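Colleague: I have a new model to look at. Can you walk me through it?

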Amino acid sequence: MTVTVQNLITKDEMLRQVEKMNSFGPRLTGNAAHKGFIEYLKNEIHSLGIETYSDPYFFNRWEEKRSSLVIHDETGDNDVHISSVFPYSGETDENGITAELSLITDQRLGFLGLAGKIAVVKIDEMNFLPSTIAFHIRNRLPESASIPEKYNGPVATSFVNFPFLQNAKAAGCKAVICVWEGMSDDMIEGQYLPFILDYQGLPCVWVNATDGQTVISAAKRHIQSTLTVEAEKEYNCSTETFYCILPGENKSEAILINTHTDGTNCIEENGPLAMLTMLKYFKEKKLDRTLIFVFATGHFRLPNFKTAAGGGVQATSKWLASHTDLWDGKNGHIKAVACVSIEHLGSVMWKDRFGVYQKVGDVETELVYTGNDTLDRIYFECLEGREKVNTVTLRGHNFLHFGEGQPPFNCGIPEISLVTAPDCLTVISENDEMDKFDIDLMYEQTDTFLRITDAFLPLSASEIGKCDGYSWVFPNGEPLVYRTIKKVFKKSK
């Protein structure tokens, strides 16, 4: 592979782009920072002489502005640190809610009888599901590259644990305080989690395990507390997904390149910056087929920006549902023969070790979905020359395929998707998590995905092949088809 980003952008220039992105602040869907970043991206693309097209959307935006927790015990009024506010939970007025704290142990029935109280819930790190439930590993480089044996961490824990806020609301609770358990205070600080639920209508905050002991002790004694969560609410807030098209000689076929524009820090989401470099390269190249670059909004507001009509679950599904003429190949439409999804570049490996959140590796495991064996081979060929590699390739598994590559995958488009998942991914912090970021790694990863796209261009659709689809694991380890055949065989005997 001869393509290299060195001919397009220096590391210093790429770092300046990351710093520019950070300067907008946390780019939560539809807020001023997010809109500013989108305008920056579009202006950069326009400066290359490339036209952009926008899909406007409107939704009801909610964003926490101020929060506090005060426990009123025998020693007086004691402030308790809040590690983060539960997004789109609910809000109070400036005076907050004052009520008795009460500890619950059952997330389904424990809220009964707590009308008018502030419920305190201990949230243990999810550490019981084997990773094989979520991940089907195809390949790895180096051989030591791995995925944790258990599916865990703050993102997984928050996604699994939260149908219960509606239980608390139905029981008449005034608010909920969630206490992280089993994860270090440093790791969970500033986590914007979970971001997959609709507005809950009930104020809720996160407290770390250390400060949580104070809250739990007060709840056991039914001490009064004041919780304040002030929020900015904007009805019919505007946002946009935008895209651009580089026409190729074969105008009936296209390759999609996609990511999302909303994010919390320097890693989530820097994919658009890699795509700027790719646009700079492909603009000057004679293309065998059309390239379509999609910059999706709504990854951090998925209840409003996902649709089954476009592959569901992730925000790119909204664009796919609106633009079938650019990918489905039906009735004279363009046929997308491949997709490249790019998220979370430059991530250094930080983990909890012996209760301390610390750097444990130079490269966070690169989770890369490859749509079939041919694409898997292409991915590893495009790693040639990399100095920093810690990659595991995956197949979509048990209806699970993380990241914005999932909607194209669900639509049957074979894809190569980078969706590295560090524990800091959804953290909002003053330093934008730059201590967990490596520009050299982002530079190499950008080069890899530029090479992948370049490698796709001359290949025919038959050479790229079809998307494998999901693999399956059932509780007894047997595929459903195999179990059905066995049943039929037993009956015939």
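Modeller: Start with a term. Helices and strands are DSSP runs, numbered from the N terminus. Keep in mind that this is a predicted model.

Colleague: Okay. Where is Glu433, then?

Modeller: Glu433 sits in the loop between strand 17 (415–419) and helix 11. Its phi is near 65°, a positive value in a residue other than glycine.

Colleague: Is Glu433 buried or exposed?

Modeller: Buried means under 20% relative accessible area. Glu433 has 5%, so it is buried.

Colleague: What does Leu441 touch?

Modeller: Leaving out residues up to four places away in sequence, its contacts include Gly346, Asp362, Glu366 and Arg386.

Colleague: How far is Leu441 from Cys178?

Modeller: The two are 263 residues apart in sequence. In space they are 36 Å apart, C-alpha to C-alpha.

Colleague: New topic. Which peptide bonds are cis?

Modeller: One joins Leu141 and Pro142, with omega about -5°. Pro142 is in the loop between strand 6 (136–141) and helix 3 (154–160). Another runs from Leu193 to Pro194, with omega near -15°. Pro194 is in the loop between helix 5 (185–188) and strand 8 (204–207).

Colleague: How many cavities of 30 Å³ or more are there?

Modeller: The structure holds 1. The largest cavity has about 40 Å³ of space.

Colleague: What lines the largest cavity?

Modeller: Among the lining residues are Leu28, Arg61, Trp62, Tyr192 and Phe300. By class, the lining has 5 nonpolar, 1 polar and 3 charged residues.

Colleague: Now zoom out. How many helices and strands does the protein chain have?

Modeller: The protein chain has 13 helices and 17 strands. Of its 493 residues, 57% count as buried.

Colleague: What is the radius of gyration of the protein chain?

Modeller: It is 24 Å. With 493 residues, a compact globule would have a value near 23 Å, so the two agree. Along its principal axes, the C-alpha trace spans about 75 × 70 × 45 Å.

Notes
Residues are numbered from 1 along each chain as its sequence is written. This is a predicted model: local features need pLDDT of at least 70, side-chain atom pairs count only at pLDDT 80 or more; totals for chains, interfaces and linings use all residues. Side-chain values use heavy atoms; hydrogens and water are left out. On a 1 Å grid over the protein atoms alone, a cavity is a set of points where a 1.4 Å probe fits but cannot get out, and a pocket is an open set with protein on both sides within 12 Å along at least five of seven lines; lining residues have an atom within 4 Å of a point. Grid points are joined across faces, edges and corners, and a volume is the space filled by probe spheres set on the points. Ala, Val, Leu, Ile, Met, Phe, Trp, Tyr, Cys and Pro count as nonpolar, Asp, Glu, Lys and Arg as charged, and the others, Gly among them, as polar. Contact means heavy atoms within 4.5 Å. Helices (H or I, at least four residues) and strands (E, at least two) are DSSP runs, numbered from the N terminus. The radius of gyration is taken over C-alpha atoms; the globule rule is 2.2 Å times the number of residues to the power 0.38. Buried means under 20% relative accessible area, exposed over 50%, partly exposed in between (1.4 Å probe, protein chains only).
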